[in-house]
Amino acid sequence: MPTMSIITPVYNAEKLIDETINSVLIQTYKDFEMILIDDCSTDSSRKVIKKYTDKDKRIKYSRLDKNSGAAVARNKGIELATGRYICFLDSDDLWTNTKLEEQLNFMKNKDIAFSFTSYSLINEEGKDLNKIVTAPKKIDYEGLLKNTIIGCLTVMIDREKVGDFRMPLVRAGQDTATWLSILKKGHIAYGLQKPLAKYRIVKGSISHGKIKALKRTWNTYRNLEKLSLSKSIYVFIFYVFNAIKKRI
């Protein structure tokens, strides 16, 4: 069994999935499986992925019965995963070639259960936007409520320490809700302050759009975390401030 399981939801990603898979294949750390969950793509994503599954047994493909969203796709990937460590990488994002090796060493050296890294921003064509989102050294549950700083593409979770987990079945924001559920149990997420991933800003993506992000975060507070109105307002003010700071 591989040490590392990488979960990648795929939906109509034929133009970018090559780059994403190749950023995994060039990793200096080789003991991984990459599980691509096709959320009923209507383009040639399956055909593109087949080129890789035919050549490399570490690249695995599964297709959902119906289009269900990223949360269901990621949960299916978690169910299929055999590795001790779980990572997430969306079908339009990239990793630097030392990401797995450096982050795994970071986790082992500190004996931690949950880590994330800094990441840089690129545009739709892959051009560097000269902007880095810097990971704090550590963040707990209360801290994450105020600052949704953890990039899904940078996360690494040790299942032996955290235990089994799943993402809540919402169309957007399920990643932050998942980290909150883990931190709520008393875990702390530790940040490796080095940009080891590249987040692609794609127009029309679920995570793109400031108003949608505000609504998504408010929904997380009120409907997923069940925070009181006063507590929601309190942490939301911090969230907005930190969101603005991230974009400066």
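Student: How many salt bridges does the count come to here?

Tutor: The count comes to 14 salt bridges, a salt bridge being a side-chain nitrogen of Lys or Arg within 4 Å of a carboxyl oxygen of Asp or Glu. This is a predicted model, where local features need pLDDT of at least 70 and side-chain atom pairs count only at pLDDT 80 or more, while totals for chains, interfaces and linings use all residues. Residues are numbered from 1 along each chain as its sequence is written, and side-chain values use heavy atoms, with hydrogens and water left out.

Student: Okay, which residue does Glu33 meet in a salt bridge?

Tutor: Glu33 pairs with Lys60, at 2.7 Å from N to O. The two are 27 residues apart and link distant parts of the chain, with Glu33 in strand S2 (residues 32-38) and Lys60 in strand S3 (residues 59-63). Helices (H or I, at least four residues) and strands (E, at least two) are DSSP runs, numbered from the N terminus.

Student: Is Glu33 buried or exposed?

Tutor: Glu33 is buried, at 1% relative accessibility, whereas Lys60 is partly exposed at 35%. Buried means under 20% relative accessible area, exposed over 50%, and partly exposed in between (1.4 Å probe, protein chains only).

Student: Which residues are linked with Arg166 in a network of salt bridges?

Tutor: Glu79 and Asp164 are linked with Arg166 in that network. The side chains of Arg166 and Glu79 come to 4.0 Å, N to O. That pair is 87 residues apart: Arg166 is in the loop between helix H6 (159-162) and helix H7 (174-183), and Glu79 is in helix H3 (residues 70-80).

Student: Switching to H4, which residues are buried there?

Tutor: Lys99, Leu100, Gln103, Leu104, Phe106 and Met107 are buried in H4. Seen down the helix axis, they fall within an arc of 155°, so they line one face of H4; the arc is that of the directions from the helix axis to the C-beta atoms. On the other side of H4, Lys108 and Asn109 are exposed.

Student: And what follows H4?

Tutor: Asp111 does, with a positive phi near 55°. Most residues other than glycine have a negative phi. Asn130, in strand S7 (residues 128-133), also has a positive phi, about 55°, and Asn130 is exposed at 72% relative accessibility.

Student: Last one: what lies 2.8 Å from a polar side-chain atom of Thr8?

Tutor: The backbone oxygen of Leu89 does. Thr8 is in strand S1 and is buried, with a relative accessible area of 0%.

Key. A polar contact is a pair of N or O atoms within 3.5 Å; within protein, one must be able to donate a hydrogen and the other to accept it, and residues adjacent in sequence count only if both atoms are side-chain atoms.
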